[in-house]
Amino acid sequence: MFTNYLKIAFRNLTRNPMYSFINIGGLAVGIACSLLITLWVWDEVTFDRFHKNADHLGKLMVTDYFSGKASTFMSVPLGPYEYLKTFDSRIKNTAVAYWSNYYLLSAGENRINKWGQFVSPEFLQMFQFPLLKGSATALNDPKSVLLTESTATALFGKSEAMGQTIRLNNSDDYKVAGILKDLPANSSFSFDFLAPWIVYAEGQAKRNKNNWDDESYPIVVELQPGTDLADLNKKLTALFREKKKDEKCEMFIQPLKEWRLYSDFENGKPAGGMIESVRLFSVIAVFILLIACINFMNLATARSERRAREVGIRKTIGSRRRELIGQFVGESVMVVAIAFFAALVLTELVLPAYNMLVSKKLSIGYGSPWFWVSSAMFILTVGFFAGSYPAFYLSSFNPVKVLKGNLNVGQGAIAPRKMLVSLQFFFSIFLMVGTIVIYTQIQHVKNREVGYDRQNLIMVNANVEMGKNFQAIEKELVSAHLASTLTVSSSPVTDIYGNNTLDWPGKLPNQEVLFARVVTGYNYAQTMGIKLLEGRDFSENFKSDSSAMILNKAAVDAMNLANPVGAQIKLWSKNWTVVGVIDNVLMDSPFGEVRPGFFLLNPDWAEVVTMRLEKTNDLPATLAGVESVFKKYNPSHPFEYHFVDQQFAKKFAAINLTGTLASLFAFLAIFITCLGLFGLATFTAEQRTKEIGIRKVMGASTYSIVSLLSKDFALLVLIGFVVAAPVSWWALNNYLQTYHYRIGMAWWVILIAGLVAFVLTLVIVSTQTIRAALANPSESLRSE
């Protein structure tokens, strides 16, 4: 019996190859798309979960209030590091994991720049980064270092790295005391080597170990199992307020599992982060899967109506209803299974390109029981619902009426089928609107005025040797016409490394504003191409500029200074004189507002060297010339540079990925919808062949027949549009509210999406209805 059912199932597939291709192909593409999205989503939600005790790890966060507005920071005072170990028994351990930075590593003739992190000894006891060689206790030795496997290979090749000596930043020597396995891609930490925190503790950190005001240090925490985090956070806030003598500030622990997904805070409260993209793509995955499943079920039920006579014959010769139900459901499950495994093949084929697109190393977990259980549930569920109509509806027919042709089959499924088609158009229109809105928002921000000229501007990370020879480097580059101007600064123009509060004339008693701080050398505004609004730039002609300050326009507005030039600003218990005001410069997020900021002069505080290259038609030659000058005066460090416009473009990496993936999957969703619509339109035209023939004999024109057959589908598009329009406006308007600098939600976007859906529907349906309308009526009416 089972073998017979299989033969019938395969016979039905091969008898109608076009419908089989549309049915299986559309469902396979839908499953493949959803699977690709699910892999990305799963990678995001499992970020940092490879640590065995991930549920008990977190980091200290603080919230401070400036002019009544709360700002949350992941840098905290150093005081809690030791204090919290005995403060509450629920806190098992604490560690310092100082900011990852770029360092020069040297071993013999090999010199490479790598990201390193200085951590306290407890770090590797709390976080399970596997050690291939050595011991985590090596961090107790101030002259030891732990390298990742790839870093060890880069420095020593195939030679044994353990026990070897490396030099850090061309100054201090360290012994390799351990080899770490390379970090997983879905880790919040990013380092190529670990060095002992005690090296930092001997310097400024030693002075701050009991400090509760200087919020400059990242501290991670391990909690005991079963800790009531909300209660502990209340206790931490009370402690912080007592130590800082501030009744508004807060201190809390953010769990490790929230670092990636809930990294954004607004006014002291979690405001999302990567979770927004996870939710967006989860919705898209569900939409695509539903569209594909609707296609499959619509075509499956439509084609099954042709099998009513088969059901009548089977019932006449003794088939029971439960056998017919089992046959139809089994056939449907089999087709879904074929589509599912075709989707796996399709996914594997596109996965390498997809990984390059999303910058991940995703793979299907074939070894996971959860994967196969969920796959089986999906196959059975979709197969059951797709086969439920022919199984339960057709099997209930009276065989006598069916065989006499007195039964009008299919009417019971028309209304549900129309509803499902309208639902498909709802999903498709919604995805089109979302794609247009995201693309328009991206372009809106990219075209935003940033306040400086990014063209021909390059940055080089500075070091001690480079700082000492900066004037010689500057003189030679300018005289060789390789660069027009150079400057140094404490942070790149694309980022902000420092913040301070200030006192100014007319400041209200409770007014606190957090200002961005940039320390620069001479020619900063000229090099960056920043417009000077009032006063002057720093100049070597004014010795007093060591106590001078330049404000940006946002700072002047925040201070409400009518005549800013000459104003006395207090910082670090010292008065600074405002000598100039520059235009606002977008250094932070391109999606937010420009922060109030101030600029100080200190050419020795050189973290970054920025230069504007001379305009040239031979950029490689210019860069080669610049490299030769840097190697001349900075021979111990590899020359590595970054174009400012490329660094600025990296700020759009996340939203560019969102836009690209949304566009890609929206297109595929529309493709699947059109594929199903083509199959349904073809079936409808075939089903009404005799009706069309009669109408043509009676004098109906081709246009009237095409209009007759198309209007039902046009109505379904209209219903989908009417439902999608308000939902799209509401959802995407809320999405845009997450950006300070944003477009408005325009009505024409929704209208365009509706028109595209309408035109596509008419084109697809018309190709089939015109063919049916042009057919010779004598062919369709011959049997009559």
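I started with the second largest pocket, where α2 gives the most to the lining, with nine residues. I keep in mind that this is a predicted model.

**Entry 1: the pocket**

I looked up the volume of the second largest pocket, and it is about 880 Å³. How many residues line the second largest pocket? I found 31. Leu35, Thr38, Leu39, Trp370 and Phe371 lie nearest its centre. Next I asked which helices take part. α2, α9 (274-304) and α12 (369-393) each supply at least two residues of the lining. I then sorted the lining by residue type. It divides into 18 nonpolar, ten polar and three charged residues.

**Entry 2: threonine 46**

I moved on to the loop between α2 (17-45) and β1 (57-66), where threonine 46 is found. Is threonine 46 buried or exposed? Its relative accessibility is 17%. Buried means under 20%, so threonine 46 counts as buried. I also checked its side chain. That side chain reaches the backbone oxygen of tryptophan 42 at 2.6 Å.

**Entry 3: aromatic pairs**

I turned to the rings. The count comes to 42 aromatic pairs. I picked out tyrosine 354 and phenylalanine 665, which form an edge-to-face pair. Their centres are 6.4 Å apart, with 65° between the planes. Tyrosine 354 lies in helix α11 (residues 321-358) and phenylalanine 665 in helix α21 (residues 653-687), so this pair ties together parts that are 311 residues apart in sequence. I noted that tyrosine 354 and phenylalanine 665 are both buried.

Then I looked at phenylalanine 591 and tyrosine 739. How is this pair arranged? I read it as tilted, with 5.1 Å centre to centre and 45° between the planes. Phenylalanine 591 lies in the loop between β22 (574-582) and β23 (597-601). Tyrosine 739 lies in the loop between α23 (702-736) and α24 (747-774). The pair therefore ties together parts that are 148 residues apart in sequence. Phenylalanine 591 is buried, and tyrosine 739 is buried too.

I also followed a cluster. Ring pairs link Phe50, Phe123, Phe127, Phe129, Phe189, Phe191 and Trp259.

**Entry 4: charges over rings**

Last, I checked for charged side chains over ring faces. Which residue lies over the face of phenylalanine 47? I found arginine 260 there, at 4.2 Å from the ring centre. I noted lysine 446 over the face of phenylalanine 652, at 5.9 Å from the ring centre.

Conventions:
Residues are numbered from 1 along each chain as its sequence is written. This is a predicted model: local features need pLDDT of at least 70, side-chain atom pairs count only at pLDDT 80 or more; totals for chains, interfaces and linings use all residues. Side-chain values use heavy atoms; hydrogens and water are left out. Rings of Phe, Tyr and Trp (its six-membered ring) pair if their centres lie within 6.5 Å; planes under 30 degrees apart count as stacked, over 60 as edge-to-face and the rest as tilted. Helices (H or I, at least four residues) and strands (E, at least two) are DSSP runs, numbered from the N terminus. Buried means under 20% relative accessible area, exposed over 50%, partly exposed in between (1.4 Å probe, protein chains only). A charge sits over a ring if NZ of Lys or CZ of Arg is within 6 Å of the ring centre and within 35 degrees of the ring normal. A polar contact is a pair of N or O atoms within 3.5 Å; within protein, one must be able to donate a hydrogen and the other to accept it, and residues adjacent in sequence count only if both atoms are side-chain atoms. On a 1 Å grid over the protein atoms alone, a cavity is a set of points where a 1.4 Å probe fits but cannot get out, and a pocket is an open set with protein on both sides within 12 Å along at least five of seven lines; lining residues have an atom within 4 Å of a point. Grid points are joined across faces, edges and corners, and a volume is the space filled by probe spheres set on the points. Ala, Val, Leu, Ile, Met, Phe, Trp, Tyr, Cys and Pro count as nonpolar, Asp, Glu, Lys and Arg as charged, and the others, Gly among them, as polar.
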